[in-house]
Amino acid sequence: MGILDIEVWGKDSRKHEERLGTCKVDISALPLKQANCLELPLESCLGALLMLITLTPCAGVSVSDLCVCPLADPGERKQIAQRYCFQNSLKDMKDVGILQVKVLKAVDLLAADFSGKSDPFCLLELGNDRLQTHTIYKNLNPEWNKVFTFPIKDIHDVLEVTVFDEDGDKPPDFLGKVAIPLLSIRDGQPNCYVLKNKDLEQAFKGAIYLEMDLIYNPVKASIRTFTPKEKRFVEDTRKLSKKILSRDIDRVKRITMAMWNTIQFLKSCFQWESTGRSAVAFVVFLVTVWNFELYMIPLALLLLFIYNFITPTKGKVGSIQDSQESTDLEEEEDEEDKESEKKGLIERIYMVQDIVSTVQNILEEIASFGERIKNTFNWTVPFLSFLACLILAVATIILYFIPLRYIVLIWGINKFTKKLRNPYAIDNNELLDFLSRVPSDVQKVQYAELKPCSSQSPLRKKRSAL
């Protein structure tokens, strides 16, 4: 509790950064658990920073040894379980649950030093929470035996565990990484996770042993699903890659072809190319239109969920190739060219990079959106698919018993009074917030757990800086 220093930075297309201004906030003067709207003038520049600050005590974050494991004590475990029981579902909605991670050891790591050894440490990231182990020097099979406890704010977060090699004052070297969705955790079981490369798409060298315990409230987790997803404070800047661009084009092409085939199928029903198919479609059309009610729309979607649950599709996403190549743009110019011409060429290159990168990101968003809808119906994440079924069942019952005008009236009153009831409320779309929690096909590959037997593919590479 003291002075919070805030800096505002700007970044141009060349990734050059410049500090625009600073300001300070005396946190000790602010009340707890209360939204404080502050307008802070920036020092050394024009403008002000409008901030909404809420001080909330953070419980649950800890680092300890195996001998003082929090959930190992039956009394403390019972107390924590009581805090997240069904009776407390409407208390402290932001406190969804607690995760305990035992980082036991790693084996057969990549040798990053010239001596044939490494100085490994382990970094754990859950949302915006980051904790790390101590460094074990000159060892390819380190044993950390540390226990980390994280508070859970979103049950759909992914625990990222990365092993690095400490390299003095230089950035640490990458030794492997795994991503574990919270909903896939098997409580209390030691697991061996094969380390993957930076893109989480192929096996790297070595494995890490983790033991995890997860306690959460399903009601809080379900409600949190329909609110905006927390953005990462530290995000990896995506590099421009021909392979990623080609992959995203293929993903969009598959979605487009699926829609095109559906349209052609419907068109063939009107063309009587198949007499049986067109006759059945004609009868279904007459019966549906004659008996149509609004509640049948969520009911039809619910039946589609049930059909996919009974007959799950066995097709899995093909393994996506590794090595997302970053484009190294090299300019071959004569020595006699003027410096101004060089600068002009570099500016054009950066402009083209920005345009292609924007197209790549748009294709990624389009492909991911279509894949998330498909994976929702395919029960890729049972928790989310079951939640969707529950919402559709409730919507069917409501539309069956309550006239549409009342539903629209309640929806409109809620929208018009939302800002009056909560001036700092963030506008959001509940459906898009729900879909943002469903993994795309690329994320399914990244989160897939590799078998230890298939990981023995030592990569004799030079040290790769973080």
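**Figure 1. A nonpolar patch on the surface of the predicted model.** Ten side chains make up this view: L390, V394, I397, I398, Y400, F401, I402, Y406, L409 and I413 form a nonpolar patch with about 1,000 Å² of accessible area together. Areas come from the Shrake-Rupley method with a 1.4 Å probe, and for residues only the protein chains shown count as cover. To join a patch, a residue needs over 30% relative accessible area and no salt bridge, and nonpolar side chains (Val, Leu, Ile, Met, Phe, Trp, Tyr) are linked within 5 Å, like charges within 9 Å. A salt bridge here is a side-chain nitrogen of Lys or Arg within 4 Å of a carboxyl oxygen of Asp or Glu. This is a predicted model, with local features needing pLDDT of at least 70 and side-chain atom pairs pLDDT 80 or more, while totals for chains, interfaces and linings use all residues. Residues are numbered from 1 along each chain as its sequence is written, and side-chain values use heavy atoms, leaving out hydrogens and water.

**Figure 2. Helices α7 and α8 at the patch.** Both α7 (382–401) and α8 (404–421) supply at least two patch residues each, and α7 gives the most, with six. Helices (H or I, at least four residues) and strands (E, at least two) are DSSP runs, numbered from the N terminus. With 20 residues, α7 reaches 29 Å from first C-alpha to last, close to the 28 Å expected, taken as 1.5 Å times one less than the number of residues. Its buried residues are F383, L384, S385, L387, A388, C389, L392 and T396; buried means under 20% relative accessible area, exposed over 50%, partly exposed in between (1.4 Å probe, protein chains only). Over in α8 sits Y406, which counts as partly exposed because its relative accessibility is 44%.

**Figure 3. The annotated transmembrane regions.** An unreviewed UniProt entry marks residues 280–307 and 383–411 as "transmembrane region"; such annotations may be inferred rather than shown by experiment. Residues 280–307 are 86% helix and 0% strand, with end C-alpha atoms 20 Å apart. For 383–411 it's 93% helix, 0% strand and 26 Å.

**Figure 4. Strand β7, tucked in on both faces.** Seven of the seven residues of β7 (residues 120–126) are buried, so the strand is largely enclosed by the rest of the structure. P120, C122, L124 and L126 sit on one side, with F121, L123 and E125 on the other.

**Figure 5. The partners of β7.** Strands pair if DSSP finds at least two bridges between them. β7 runs antiparallel to β10 (residues 158–165) over seven bridges, and L126 stands opposite L159. Four bridges join β7 to antiparallel β8 (residues 129–132), where L126 faces D129.
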